[in-house]
Amino acid sequence: MKEKSCLNCGHKISGEFCSHCGQKADTARITPHSLIRSDILGSIWHIEARFFRTLKHVLFGPGRMAMDYISGKRIKYYNLFSLLLILFGFNVLTLHFYLDLNPAEIPEGSTNIMDFFSKYSKTILFVIIPILGVNAYFIFKRIKLNIAEHFIIGTVSLLGILILFLFNDMISLIGLWKPAAEIFGILDKASFVLIILFPAVTYWNAFKNSYSKPGLLWRVSVLYVLMGIESIAVITILYNIF
């Protein structure tokens with residue numbers, strides 16, 4: 001039997017992929033059929049499937065997903081930091097549309113505050129990751145995760161917050177339609193509560209098998225107190241400087 005060589009790097013292939021460069025072993029001449037099926041539709045489906053699968057896991061099993069990611073099960077998930085930037089961009093767009101359609105939402109005399117949050121919202125939002133990571137490193141010391149691994153859990157928590165913020169903005173946009181205002185107003189308040197609670201859900205989901213319920217409850221409570229104090233301090237410092 002003739003031994004196959006990788007068409008990309010020339011190394012001998014013994015499996016489905018080249019062990020040297022990672023290219024598929026069955027790479028063949030490009031045809032109209034293969035271009036559409038594999039190169040175009042295949043790549044789009046692969047990216048979209050991972051993208052939406054990651055969103056699902058973030059919302060319905062954030063702590064478990066973070067621990068899987070930390071343990072090395074990463075191929076099925078979309079890159080967390082790329083997803084963070086994509087979701088942040090969508091949040092900025094939806095908020096921009098909402099304020100354009102509903103300028104009355106901006107209180108009088110709050111221009112400076114709105115300008116500050118418009119310019120530094122990314123910085124403020126991304127501060128959540130180190131705040132959660134550093135605090136959780138000391139509060140959940142028994143788990144024996146390093147600081148970078150706690151940053152991953154903080155990143156997954158922030159992803160969930162961004163997804164819920166996006167959902168909240170979309171609800172607010174639909175709620176501008178008067179007949180739907182009441183029901184979407186209730187959904188808006190419910191989604192805001194979920195945003196506040198999401199970090200607690202993440203850590204509870206991640207560590208529920210490592211602590212008793214009372215032990216986990218007081219640790220999450222301490223995390224929230226510290227996070228609240230530190231977030232206010234960061235926002236105050238940034239506002240006074242800039």
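Is Val 220 buried or exposed, and what is its relative accessible area?

Mentor: Before the answer, please keep in mind that this is a predicted model, in which local features need pLDDT of at least 70 and side-chain atom pairs count only at pLDDT 80 or more, while totals for chains, interfaces and linings use all residues. Residues are numbered from 1 along each chain as its sequence is written, and side-chain values use heavy atoms, with hydrogens and water left out.

Val 220 counts as buried because its relative accessible area is 8%, where buried means under 20%, exposed over 50% and partly exposed in between, with a 1.4 Å probe and protein chains only. Val 220 lies in helix H8, and helices here are DSSP runs of H or I with at least four residues, numbered from the N terminus. Setting aside residues up to four places away in sequence, Val 220 touches Phe 140, Ala 200 and Tyr 203, a contact being heavy atoms within 4.5 Å. Val 220 and Val 201 are 19 residues apart in sequence, yet their C-alpha atoms are 9.3 Å apart in space.

In soluble globular proteins, nonpolar side chains tend to be buried together.

Phe 140 and Tyr 203 also belong to a cluster in which ring pairs link them with Phe 207 and Tyr 211. Rings of Phe, Tyr and Trp (its six-membered ring) pair if their centres lie within 6.5 Å, and planes under 30 degrees apart count as stacked, over 60 as edge-to-face and the rest as tilted. The whole structure holds eight aromatic pairs, one of them the edge-to-face pair of Tyr 137 and Phe 138, 5.1 Å centre to centre with 85° between the planes. Tyr 137 is partly exposed, since its relative accessible area is 25%, whereas Phe 138 counts as exposed because its relative accessibility is 56%.

Helix H8 (residues 213–241) also packs with helix H5 (residues 128–139) at an angle of about 145°, with their axes 10 Å apart; axes are lines fitted to C-alpha atoms, for helices over the stretch in contact, and angles run from 0 to 180 degrees between N-to-C directions. On the H5 side the contact is made by Ile 131, Leu 132, Asn 135, Ala 136 and Ile 139, and the H8 residues include Arg 219, Val 222 and Leu 223. The residues of this contact divide into eight nonpolar, two polar and two charged; Ala, Val, Leu, Ile, Met, Phe, Trp, Tyr, Cys and Pro count as nonpolar, Asp, Glu, Lys and Arg as charged, and the others, Gly among them, as polar.

Definitions and conventions:
Helix = DSSP H or I, 4+ residues; strand = E, 2+ residues; numbered from the N terminus.
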